[in-house]
Amino acid sequence: MAVSNTATKTVLIADDTPFVRERFQNALQDAGHRAVTVKSAAELLARVRADLQDLDLVVLDLRLPHTPGVDLIKAVRKIDNGKLPILVFSGTISNADEVRELASL
C-alpha cells in the first residue's frame, strides 16, 4: 500500500552510532517517511539551520560526543524558536533533574 505524499514527514536522526542511525532510518523509510541522518552535534545544528522549514521532527541521541544533550537542545531552540518537535532518547539518564530540565525545553 502506497503512502500518500501529504502524510510523508521529514525526520532528522542524530546519533553517533551507525547501527542506530540505520535502524531509525530504515524504520522511518519503511513507514513512508523521509529520514535524514547526522552523526554529530555540528552536523545536527548545520542541518537544522539549513533545512528548518522542511523538518518535521528531530530524533536525538542525548549523548552525542562533545556536546551535552541539554546544551544541544538549547542550541536547536535558538535556531527554531521552539517550533520543531524533538524526541530525545538515551541509554542513560543522569538523574531526575536532567529529565525535568529536558522536559522544560
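The questions and answers below set values beside definitions.

Q: What kind of model is this, and how are its residues numbered?
A: This is a predicted model, in which local features need pLDDT of at least 70 and side-chain atom pairs count only at pLDDT 80 or more, while totals for chains, interfaces and linings use all residues. Residues are numbered from 1 along each chain as its sequence is written, and side-chain values use heavy atoms, with hydrogens and water left out.

Q: How many helices and strands does the chain have, and in what order do they run?
A: The chain has four helices and four strands, in the order β-α-β-α-β-α-β-α from the N terminus. Helices (H or I, at least four residues) and strands (E, at least two) are DSSP runs, numbered from the N terminus.

Q: Why is D15 called buried?
A: Buried means under 20% relative accessible area, exposed over 50%, and partly exposed in between, with a 1.4 Å probe and protein chains only. D15 has a relative accessible area of 2%, so it is buried. Of the 105 residues of the chain, 30% count as buried.

Q: Where is D15, and which residues is it in contact with beyond its neighbours within four places in sequence?
A: D15 is in the loop between strand 1 (10-14) and helix 1 (18-30). With neighbours within four places set aside, its contacts (heavy atoms within 4.5 Å) are V20, R21, V38, K39, D61, L64 and F89.

Q: What makes the pair of D15 and T17 a polar contact?
A: A polar contact is a pair of N or O atoms within 3.5 Å; within protein, one must be able to donate a hydrogen and the other to accept it, and residues adjacent in sequence count only if both atoms are side-chain atoms. A polar atom of the D15 side chain lies 2.6 Å from the backbone nitrogen of T17.

Q: How do you know that the buried residues of helix 3 are on the same side?
A: The buried residues of helix 3 are G69, V70, L72, I73, V76, R77 and D80. They cover an arc of only 160° around the axis, so they lie on the same side of helix 3. The arc is that of the directions from the helix axis to the C-beta atoms.

Q: Why do strand 3 and strand 4 count as paired?
A: Two strands pair if DSSP finds at least two bridges between them. Strand 3 (residues 57-61) and strand 4 (residues 86-89) have four bridges, in the parallel sense. V59 stands opposite L87 in strand 4.
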